[in-house]
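Here is a friendly walk through the side-chain contacts of one model. Have the viewer open as you read.

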Amino acid sequence: MREEKFKIINFIRELIINIDKNLDNFPKKDIELKNRLRNNSYDLLEISYKANSTTSVEKKKDYLEEIVAKIKITDFLLNLCYDKQIINSKKYIKFSTKIDDILKYTIGWMKKL
């Protein structure tokens with residue numbers, strides 16, 4: 001994996017890799033949940049690049065707020081996977097740690113603005 005200078009991007013990449021690796025054995029009835037998790041993680045990556053590349057402080061704040069909302073949705077979806085016993089507690093903790101890192105750095109970035 002290429003090391004990115006931008007920390008949030010690295011955390012999101014790791015989250016995407018973990019989702020792809022650990023959610024292979026999804027039940028067919030919950031495949032939509034898996035797709036939403038995957039799509040949300042890619043959306044996080046896209047929005048982060050947009051926030052990093054814009055020069056407008058207002059747009060940057062909007063993107064960062066969107067990242068926070070997507071993170072919370074992703075966390076909710078992972079919690080749902082855990083509640084449905086699709087993932088075990090070890091995987092849930094691993095995902096939650098990544099999500100917490102992304103959230104922490106995003107909020108720090110918002111405060112810096």
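Let us begin with Asp101, which counts as buried because its relative accessibility is 16%; the classes used here are buried for under 20% relative accessible area, exposed for over 50%, and partly exposed in between, with a 1.4 Å probe and protein chains only. Lys104, at 54% relative accessibility, counts as exposed. The two side chains meet in a salt bridge, with 4.0 Å from N to O. The term stands for a side-chain nitrogen of Lys or Arg within 4 Å of a carboxyl oxygen of Asp or Glu.

Both Asp101 and Lys104 belong to helix α4 (residues 89-112), where they sit three residues apart, about one turn of the helix. Helices here are DSSP runs (H or I, at least four residues), numbered from the N terminus, while strands are E runs of at least two.

## About the model

This is a predicted model, in which local features need pLDDT of at least 70 and side-chain atom pairs count only at pLDDT 80 or more, while totals for chains, interfaces and linings use all residues. Residues are numbered from 1 along each chain as its sequence is written, and side-chain values use heavy atoms, with hydrogens and water left out.

How many salt bridges does a search of the whole structure find? The search finds seven, including the pair already described between Asp101 and Lys104.

Another one joins Arg38 and Asp20, at 2.9 Å from N to O. This pair links distant parts of the chain: Arg38 is in helix α2 (residues 31-53) and Asp20 is in helix α1 (residues 7-22), 18 residues apart. Arg38 counts as partly exposed at 24% relative accessibility, and Asp20 counts as partly exposed at 28%.

Within helix α2, Arg36 and Glu32 are four residues apart, so about one helical turn separates them. Their closest N and O atoms are 3.4 Å apart, and they form a salt bridge. Glu32 counts as partly exposed, with 45% relative accessibility.

## Aromatic pairs

Now for the rings: the structure holds two aromatic pairs. For the cut-offs, rings of Phe, Tyr and Trp (its six-membered ring) pair if their centres lie within 6.5 Å; planes under 30 degrees apart count as stacked, over 60 as edge-to-face and the rest as tilted. Phe11 counts as buried at 12% relative accessibility, whereas Tyr105 is partly exposed at 34%.

Next come Tyr82 and Tyr92, whose ring centres are 4.9 Å apart with planes at 20°, so the pair is stacked. Tyr82 lies in helix α3 (residues 57-83) and Tyr92 in helix α4, so the pair ties together parts that are ten residues apart in sequence. Tyr82 counts as partly exposed at 34% relative accessibility, and Tyr92 is buried with a relative accessible area of 17%.

## A backbone detail at Gln85

Where does Gln85 sit? Its place is in the loop between α3 and α4. Gln85 has a positive phi of about 60° although it is not a glycine. With a relative accessible area of 72%, Gln85 is exposed.
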